[in-house]
Amino acid sequence: MSKKMEGKIATHYGRLARIGAAIAKRLAADGANVAITYTKGADAAASVVKEIERAGGKAIAIQADAADADAVKAAVERRLQPSADWMCW
């Protein structure tokens, strides 16, 4: 079965509470490389990344406040940089 998000990059901005974490995991399960942002929950973000990776997906967590336009812009720029560690998939 082909994965409909294969080769795509998905970014999840917002809380990684139950629904946010489920969205990120589903995007990864569908084949997307997932970038998730977090404001203060570094441990929760790292946990979601580890779960995605254990399931065979690829993910990175980037600290960025979704309410701060400059922080979101910086997160997008980071995820698009070919030299970013997570882009070496």
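Helices α1 and α2 are roughly parallel to each other, a label given to angles under 35 degrees, with over 145 counting as roughly antiparallel, 65 to 115 as roughly perpendicular and the rest as oblique. The model is a predicted one, so local features need pLDDT of at least 70, side-chain atom pairs count only at pLDDT 80 or more, and totals for chains, interfaces and linings use all residues. Numbering starts from 1 along each chain as its sequence is written, and side-chain values use heavy atoms, with hydrogens and water left out.

Back to the helix pair. Two packed helices are described by the angle between their axes and the distance between the axes. Here the axes of α1 and α2 come within 10 Å and cross at roughly 25°; axes are lines fitted to C-alpha atoms, for helices over the stretch in contact, and angles run from 0 to 180 degrees between N-to-C directions. On the α1 side the contact is made by Ala 21, Ala 24, Lys 25 and Ala 28, and on the α2 side by Val 48, Glu 51 and Ile 52, where contact means heavy atoms within 4.5 Å. Sorted by type, these residues come to five nonpolar, no polar and two charged. In that sorting, Ala, Val, Leu, Ile, Met, Phe, Trp, Tyr, Cys and Pro count as nonpolar, Asp, Glu, Lys and Arg as charged, and the others, Gly among them, as polar.

Val 48 sits in helix α2 and is buried, with a relative accessible area of 4%; buried means under 20% relative accessible area, exposed over 50%, and partly exposed in between, using a 1.4 Å probe and protein chains only. Leaving aside residues up to four places away in sequence, Val 48 touches Ala 21, Ala 24 and Ile 36. Val 48 and Ala 22 are 26 residues apart in sequence, yet 9.0 Å apart in space, C-alpha to C-alpha. Glu 51, also placed in helix α2, is partly exposed at a relative accessible area of 31%.

Now for the chain as a whole. Its secondary structure comes to three helices and three strands, with the elements running β-α-β-α-β-α from the N terminus on. Helices (H or I, at least four residues) and strands (E, at least two) are DSSP runs, numbered from the N terminus. Of the 89 residues, 33% count as buried. Among contacts between residues at least 6 apart in sequence, 60% join residues at least 24 apart.

The three strands make an open sheet in the order β1-β2-β3, with parallel pairing. At the edges are β1 (9-12) and β3 (58-63), each pairing on one side only. From one strand to the next, the twist averages 20°. Pairing here requires that DSSP finds at least two bridges between two strands. Strands β1 and β2 pair over four bridges in the parallel sense, and Ala 10 stands opposite Val 34 in β2. Strand β2 (residues 33-38) pairs with β3 in the parallel sense over six bridges. Across that pairing, Thr 37 stands opposite Ile 62 in β3, and Tyr 38 faces Gln 63 in β3.

How many of the six residues of β2 are buried? Six of the six are, so β2 is largely enclosed by the rest of the structure. In a regular strand the side chains alternate between the two faces of the sheet. In β2, Asn 33, Ala 35 and Thr 37 point one way and Val 34, Ile 36 and Tyr 38 the other, and all are buried.

Both helices of the pair also meet the sheet. Helix α1 (residues 18-29) lies across β1 and β2, running at about 160° to β2. Helix α2 (residues 42-54) packs on the sheet and touches β2 and β3, its direction making about 170° with that of β3.

The loop between α1 and β2 holds Asp 30. At 15% relative accessibility, Asp 30 counts as buried. Not counting residues up to four places away in sequence, Asp 30 touches Lys 3, Lys 4, Met 5 and Glu 6.
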